[in-house]
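Let us walk through a protein model step by step. Keep the structure open while you read.

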Amino acid sequence: MGADIPTGRLSRTLSSGRVAARMGGNQVRYLMKRPFLSEEGQQRSREKRDADNAKILFKGLSLLRGTALKAAQMLSFERELIPESFQKELEKSYFQVPPINRALIRKIIVNGLGAPPERLFDRFDSTAFAAASLGQVHRARSKDGRNLAVKVQYPDMNKTIANDLRMLRTLVRPMADYDLIKLALEEIREVLLAETDYEAEAGNIRFFRDNLDMDNVKVPRTEPALSTGRILTMSFMEGRVLSQWLETGPDQESRNRVAQTLNDIFIRGFYELNLIHADPNPGNFLIRDNLDIGLLDFGCVRAVTPEFVSLYRELIRIGGSNDRDAYWSLLVRMKFMPENPSAGIRDEVVSLFMKMGAWINRVFREEYFDFGANPDFMARGRELGRNMQKIRRHMEGFPPEFVFLDRTRYGLIRLYEQMGVRIKLRNRYEYNDSV
Ligand SMILES: Nc1ncnc2c1ncn2[C@@H]1O[C@H](COP(=O)(O)OP(=O)(O)O)[C@@H](O)[C@H]1O
Ligand SMILES: [Mg+2]
């Protein structure tokens, strides 16, 4: 069974001493050339060095698909810290785990559920129909004839994730901002490890199913008797995943409607349930023919406190105002900043948050915000995000809830931009005149 499992293969892929030596050579070549280059030439040369280094670094390194994608996705917010070429290589570095063979799936089911598939299900497809980041998903039918999806985790995931993250840490150690990147990697490790717990995910599914209460949103029903911490059985949901649906060329109105529903899920989840479904990736939304949405993948759900929700709400609401003192007091209460930093830092941080606030408030200016008509919107957000990374070092730290929230919201906005939609982002929590 060893050949099917990525752990062993992954741990053998990197011999860090040799890689470090080659990277050092590139650094030396760059430093030798530097005095002869113009400013622009230096920048280009730096980029080339980064790209060369990234290629060397990732040569032969393969990570579990889940680790590579999650790390690339999460580190894309640390753009200023991590060279773009590194990002790109990271995205490509994944090792597509070959589908787990029939015998092994059977063994996992027997070990987990105490009986082979044919005893537990009326039908069980031993070939998976979809890949999951830490496993694969099979179709099945229950004894009483209901269609099911069974998500089965690869064996030994905790070990694989720990190995992957260890290798990534080795790769980023020589980077200038290692102290900050290390924090991001630590966070990625926690998120991935949390995602191995399918029992917790099942709990999240049940909570959303019982409480989300939106007629046009469907949430799977879990099957606790056919689930464990590593096997998650739930109702099979109809629909096309968002990315495939978009490829069918849906018209403007349909795209608007779908994006509007996605945004409503976010607003309702955050403000009413105090939960964030923090993985707005197109594989996690199923679009049905009537444009209802099937919500999937509750492995990355974050609870937030009511106190945090009300502070964040205040932060959005004072966005667009010029009241520096109000901003300051809020940032201290949100624990972004210590109470007595130097005056210079205080001004810089307040200014940046004010710019952020003004940016996000652009979406409330008109009743419907048209992403197609505001092509500079995301670019501006990216620029501000980069500046935010730069001053992060002077700050108390980002509250972890904020990191999740920001990432989710930003991810959603990026989706809306790709979809080119016009939707209503005004909502009664963040904008006064809306119902
Ligand atoms: N209940 C379900 N009904 C239909 N398809 C599902 C269901 N659950 C998962 N899938 C399919 O499997 C894919 C991976 O499942 P997901 O829960 O998103 O795994 P991961 O947490 O690894 O991203 C989804 O993108 C979807 O295509
Ligand atoms: Mg998913």
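The tour below goes from a helix to its strand neighbours, then to a sheet, and ends at one arginine.

This is a predicted model, in which local features need pLDDT of at least 70, side-chain atom pairs count only at pLDDT 80 or more, and totals for chains, interfaces and linings use all residues. Residues are numbered from 1 along each chain as its sequence is written, while chains are lettered from A and ligands numbered from 1 in the order in which they are written.

Start with helix H6, residues 102-113. Helices (H or I, at least four residues) and strands (E, at least two) are DSSP runs, numbered from the N terminus. H6 has 12 residues and reaches 16 Å from its first C-alpha to its last. That is close to the 16 Å expected at 1.5 Å a residue, where the expected span is 1.5 Å times one less than the number of residues.

Which residues of H6 are buried? They are Ile105, Ile108 and Ile109. A residue is buried if 20 or more other C-beta atoms lie within 10 Å of its own, exposed if 12 or fewer, and partly exposed in between, with C-beta atoms placed from the backbone. An α-helix has 3.6 residues a turn, so residues three or four places apart point the same way. The face turned away from the buried side carries the exposed residues Ala103 and Asn111. Just after H6, Gly114 takes a positive phi of about 85°.

What do the buried residues of H6 pack against? Their partners are helix H7 (117-120), strand E6 (147-153) and strand E8 (231-235). E6 and E8 run antiparallel, joined by 5 bridges. Val152 stands opposite Ile231 in E8. E8 is largely enclosed by the rest of the structure, because 4 of its 5 residues are buried.

Now turn to an open sheet. Its 4 strands follow the order E7-E12-E11-E9, with mixed pairing. Two strands pair if DSSP finds at least two bridges between them. The edge strands, E7 (217-218) and E9 (240-241), each pair on one side only.

Finish at Arg313, in helix H13 (residues 306-318). Arg313 counts as partly exposed because it has 14 C-beta neighbours inside 10 Å. Arg313 and Tyr431 are 118 residues apart in sequence and 9.6 Å apart in space, C-alpha to C-alpha.

Definitions and conventions: Contact = placed C-beta atoms within 7 Å.
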